Amino acid sequence: MKMLKKMPIRLRLTVMTVALLTVCCVGITLILNYSAIKMATIIDASAVLPAQEVGEEGWIHESTPAASSSMTPSVSSEVSQKAKIDFRIESIIYMLLVIISGGFSTYYLSGKALKPLDTLNDQVKNINVHNLFETLSVPPTNDEIAELTSTFNEMTDKLNDSFMMQQRFSLSAAHELRTPLAVLQTKVDVFKKKKTHTTEEYDALIYVIEKQTKRLRGLVSSLLDMTNLDDKREQRSICLKDIFEDIISELSLITKDKNVTMTLDCDNSVVFGNTDLLYRAFYNLVENGIKYNIDGGTVEVLVNRLSKEQVSIKIIDTGIGIADKDKNKIFEPFYRVDKSRSRQLGGTGLGLSTVDSILKKNNGTITVTDNESNGTCFHVILNSESLQKKRTDPCI
């Protein structure tokens, strides 16, 4: 069996078919031989009996051997035995011919049937990191091989997206970390060229060092936060109204500085998840709605139950909005819609990526659309407490 598993599919299929043909042919041959021998025995027995005739007077007369048969019993028996042997030999030969021809036919036909699989194998061998974007040609057979090819194409598309995202992340992380370090190095080099310095120059250098150090610390902290999302955290029932009331209270000073009005329309919906993580996610979304808003704008939070199993959360602002080309990328790490403005506001480009990761950890989804009166609408859907109870109830 181990040797059979190591064989190619085509050869394995041929061996299995030949084995099946052998069993069938041997069975048929045995049955035919048994029937033929039985029939020949009956014929032999009837051939050696003397013929009998009824005379005119009613007496029974045995006919002479010469009259009843042209061959003696011994000659007839020899002929019968030879016929049996010939029949056995011929049946075995025909059986072997059927098995061999069936095996070759199976090998040939299986090769034709598995040709798309060989083609797929050759194409897959040429796939590497540099050509994941190339799609394999799907055979027009609508069979399992065509389905396998389509599935492989979908997998390579996802892998290519992941590799590209990882590459962008690495480049962006290196750039973000290099920029403040380059600023610090430049300021220090300029400062060292002068032998004497005024108090103002010292203050300016300290200010730059403090600012860039704070930026580096924020980047490292955000990266650590993203890594720590993989930790197992306690999940429980959460009242969304309590979370948003706390968030609005904490961001009240920022709303006054930005001259932004916040409104909350929330029912008593309860979701199941981790309180700290969901608080961070919604805090980030609401804070972004305030930071990137216009003077005198609004941020509206709408929470309502979609069904017994899902809760809808919408965070709508009247800010600068997001271009359609950027909507699919804003959840990638370090991606910024407006890089210069993001840096001015102290953004690291990791906020929305962290939000997306948090919501996935809590079995939620997030989408972004345009607000009807300019701005952006972030739509989050979370599982309600009733769904979690349904999943964990052993009686269901």
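1. Glu245 is found in helix α8, which spans residues 240–250. Helices here are DSSP runs of H or I with at least four residues, strands are runs of E with at least two, and the numbering goes from the N terminus. This is a predicted model, in which local features need pLDDT of at least 70, side-chain atom pairs count only at pLDDT 80 or more, and totals for chains, interfaces and linings use all residues. Residues are numbered from 1 along each chain as its sequence is written, and side-chain values use heavy atoms, with hydrogens and water left out.

2. Glu245 belongs to a patch of negative charge on the surface, together with Asp242, Asp246 and Glu250. Patches are made of residues with over 30% relative accessible area and no salt bridge; like charges are joined within 9 Å, and nonpolar side chains (Val, Leu, Ile, Met, Phe, Trp, Tyr) within 5 Å. Lys and Arg count as positive, Asp and Glu as negative, while His and the chain ends are not counted. The place of a charge is taken as NZ of Lys, CZ of Arg, CG of Asp or CD of Glu. Glu245 itself has a relative accessible area of 39%, so it is partly exposed. Buried means under 20% relative accessible area, exposed means over 50%, and partly exposed lies in between (1.4 Å probe, protein chains only).

3. A nonpolar surface patch of about 500 Å² is made by Ile85, Ile89, Ile93, Tyr94 and Leu97. Accessible areas come from the Shrake-Rupley method with a 1.4 Å probe, and for residues only the protein chains shown count as cover. Ile93 sits in helix α4, residues 73–113. With 45% relative accessibility, Ile93 counts as partly exposed.

4. The count of salt bridges comes to 5. A salt bridge is a side-chain nitrogen of Lys or Arg within 4 Å of a carboxyl oxygen of Asp or Glu. One of them joins the side chains of Lys194 and Glu201, at 2.6 Å from N to O. Lys194 is partly exposed, at a relative accessible area of 42%, and Glu201 is also partly exposed, at 27%.

5. Another salt bridge joins Lys327 and Asp324, at 2.8 Å from N to O. Both residues lie in helix α11 (residues 324–327), 3 residues apart, or about one turn of the helix. An α-helix has 3.6 residues a turn, so residues three or four places apart point the same way. Lys327 is buried, with a relative accessible area of 11%, whereas Asp324 is exposed at 59%. Asp324, Lys327 and Asp370 are linked in a network of salt bridges.

6. In helix α13 (residues 351–361), Lys360 and Asp356 are 4 residues apart, about one helical turn. Their side chains meet in a salt bridge of 3.3 Å, N to O.

7. Asn363 follows α13 and is placed in the loop between α13 and β8 (365–370). Asn363 is not a glycine, yet has a positive phi of about 60°. Its relative accessible area is 47%, so Asn363 is partly exposed.

8. Asn259 also has a positive phi, near 55°, and is a residue other than glycine. Asn259 lies in the loop between α9 (252–258) and β4 (261–266). At 43% relative accessibility, Asn259 is partly exposed.

9. Asp295 is found in the loop between α10 (275–291) and β6 (298–305). At 64% relative accessibility, Asp295 counts as exposed. Leaving aside neighbours within four places in sequence, Asp295 is in contact (heavy atoms within 4.5 Å) with Lys258 and Asn259. The C-alpha atoms of Asp295 and Thr318 are separated by 9.6 Å, and the two residues are 23 residues apart along the chain.

10. For the chain as a whole, the secondary structure comes to 14 helices and 9 strands. Of the 396 residues, 31% are buried. Among contacts with a separation of 6 or more, 71% are between residues 24 or more positions apart. The chain exposes about 26200 Å², and carbon and sulfur atoms supply 59% of that area.
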